Amino acid sequence: DIEFWVTECATSTGPITWPVDSPMQTEEQQASELVARFVTMLGAEVKRVSWSRFHENYRYLDSEGGFFDNTGLIYNGLGYEAAAGIGAGSKKRAFFAYRTLTTKIGGCSRVFRLGPGAYKFFFDDDRVPVYVLWEAGGSGLPAALSGPVVVTDLAGNVTYSTGENLPLSSAPVFVESRPAGVASSYAKD
């Protein structure tokens, strides 16, 4: 009867000065990690997950370029960002991944982990279930996705495919079954 909440989930982008020897991540890696972390935690029955910061810090703990200076979803335009011409308020790819995540699975009532990198989200309204999938050494696509599907990438771009032709990568995708005979312009949002 205990609910678990994660209040400060985060991963960074760009050059990190602290902790020493931290690996540098790209915006694409941060966006993928954001979705994978939220989905994995929700699949483990964590009731609420929150991202640490929407805007980046600057000189957190009195030094520039530390981990928490680079975990935001929106650039602050200071320090190395200013030198690189990145303006304050510029949105990272993780911002758009977060928006897609909340659009696609917001309001879910149940989630099931189907295997490594494979989760199915259910809704109490009339929305079709949404699968969130990525390559994580699992057994491939769920059998329910053999046939026409709607695929939404982290940026919110929609494509149409068949489950049999859907390649997975380290970047999660949101997949919904598309009823046979429905035009490819179909999108159930």
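1. Lining of the largest pocket. In this predicted model, the residues that line the largest pocket comprise ten nonpolar, four polar and four charged.

2. At least two residues each come from helix 1 (27-43), strand 2 (48-51), helix 3 (93-105) and strand 3 (110-115). Helix 3 gives the most, with four residues.

3. Second largest pocket. The volume here is about 180 Å³. Helix 1 and helix 3 each supply at least two residues of this lining, which divides into eight nonpolar, one polar and three charged residues. Among the lining residues are E28, R93, F96, D153 and P172.

4. Six strands form an open sheet in the order 3-4-5-8-6-7, with antiparallel pairing. Strand 3 and strand 7 (158-162) are at the edges and have a single partner strand each, so one side of each is left without a neighbour in the sheet. From one strand to the next, the twist averages 25°.

5. Pairing of strand 3. Five bridges join strand 3 to strand 4 (residues 118-122) in the antiparallel sense. Within this pairing, R113 is placed opposite Y119 of strand 4.

6. Helices against the sheet. Helix 1 lies across strand 3, strand 4, strand 5 (130-133) and strand 8 (173-177), and runs at about 65° to strand 4. Helix 3 lies across strand 4, strand 5, strand 6 (148-152) and strand 8, with an angle of about 25° to strand 8.

Key:
Residues numbered from 1 in each chain as written. Predicted model: local features only at pLDDT ≥ 70, side-chain atom pairs only at ≥ 80, totals over all residues. Heavy atoms only, no water. Nonpolar A, V, L, I, M, F, W, Y, C, P; charged D, E, K, R; others polar. 1 Å grid on protein atoms, 1.4 Å probe; cavity = no way out; pocket = protein on both sides within 12 Å on 5 of 7 lines; lining within 4 Å. Points joined across faces, edges and corners; volume = space filled by probe spheres on them. Pairing = 2+ DSSP bridges. Axes fitted to C-alpha atoms, helices over the stretch in contact; angles between N-to-C directions. Contact = heavy atoms within 4.5 Å.
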